Amino acid sequence: ASLDEAALGEIPPIPPKFGFRIEKLNPLAFPKGQPLICEMSGKPATVSLVTPLVTLNFSSKDAAMQAWDGILCKIAHVLGTL
């Protein structure tokens with residue numbers, strides 16, 4: 001599937017065994033002064049939702065699960081190509 005197909009509204013199928021994990025963020029692993037911000041709320045991020053193609057930060061595990069169950073499980077495989 002190409003990026004052109006995604007631009008036309010046709011999302012390529014989800015790869016087999018496309019999963020995710022949620023990891024606690026370690027602020028010491030990031031450059032000093034880099035803000036860790038939740039993708040949904042704009043609050044300080046405490047966890048990352050990690051997939052094979054994209055990593056997104058969230059304020060809580062519940063927020064990450066809500067985002068995954070809502071739409072991310074359907075589109076995360078194309079976010080890395082955007």
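A: We can begin with burial: a residue is called buried when its relative accessible area is under 20%, exposed when it is over 50%, and partly exposed in between, with a 1.4 Å probe and with protein chains only. Glu23, with a relative accessible area of 33%, is therefore partly exposed. Please keep in mind that this is a predicted model, in which local features need pLDDT of at least 70 and side-chain atom pairs count only at pLDDT 80 or more, while totals for chains, interfaces and linings use all residues. Residues are numbered from 1 along each chain as its sequence is written, and side-chain values use heavy atoms, with hydrogens and water left out.

Q: How many helices and strands does the protein chain have, and which pattern does it follow along the sequence?
A: Helices (H or I, at least four residues) and strands (E, at least two) are DSSP runs, numbered from the N terminus. The protein chain has two helices and three strands, and, read along the sequence, these follow the pattern α-β-β-β-α.

Q: What share of the residues counts as buried, and what does the accessible surface come to?
A: Of the 82 residues in the protein chain, 28% count as buried. Accessible areas come from the Shrake-Rupley method with a 1.4 Å probe, and for residues only the protein chains shown count as cover. The accessible surface of the protein chain is about 5700 Å², and 59% of it belongs to carbon and sulfur atoms.

Q: How many salt bridges does a search of the whole structure find, and which side chains meet in a salt bridge?
A: A salt bridge is a side-chain nitrogen of Lys or Arg within 4 Å of a carboxyl oxygen of Asp or Glu. The search of the whole structure finds one, in which the side chains of Arg21 and Glu23 meet at 2.5 Å, N to O. Arg21 counts as partly exposed because its relative accessibility is 47%.

Q: Which residues have the most contacts inside the largest nonpolar core?
A: In soluble globular proteins, nonpolar side chains tend to be buried together. A nonpolar core is a set of buried Ala, Val, Leu, Ile, Met, Phe, Trp, Tyr and Cys residues joined through side-chain atoms within 4.5 Å. The largest one here has 13 residues, and those with the most contacts inside it are Leu49, Leu56, Phe58, Ala64, Trp68, Leu72 and Ala76. S2, S3 and helix H2 (61–79) each supply at least two residues of this core, and H2 gives the most, with six residues.

Q: How many aromatic pairs are there?
A: Rings of Phe, Tyr and Trp (its six-membered ring) pair if their centres lie within 6.5 Å; planes under 30 degrees apart count as stacked, over 60 as edge-to-face and the rest as tilted. By this rule the count is one aromatic pair. Phe20 and Trp68 form this pair, which is tilted, with 4.4 Å from centre to centre and 35 degrees between the planes. Phe20 lies in the loop between helix H1 (3–7) and strand S1 (21–24) and Trp68 in helix H2, so the pair ties together parts that are 48 residues apart in sequence. Trp68 is buried, since its relative accessible area is 8%, whereas Phe20, at 31% relative accessibility, counts as partly exposed.

Q: Where is Thr51 found, and is Thr51 buried or exposed?
A: Thr51 is in the loop between strand S2 (47–50) and strand S3 (55–58), and Thr51 counts as buried because its relative accessibility is 7%. Contact means heavy atoms within 4.5 Å. Leaving aside neighbours within four places in sequence, Thr51 is in contact with Phe18, Gly19, Phe20, Trp68 and Ala76. The side chain of Thr51 also reaches the backbone oxygen of Val54 at 2.9 Å.

Q: With which side chain does Ser48 make a polar contact?
A: A polar contact is a pair of N or O atoms within 3.5 Å; within protein, one must be able to donate a hydrogen and the other to accept it, and residues adjacent in sequence count only if both atoms are side-chain atoms. The side chain of Ser48 makes such a contact with the side chain of Asn57, at 2.7 Å. Ser48 lies in strand S2 and, at 5% relative accessibility, counts as buried.
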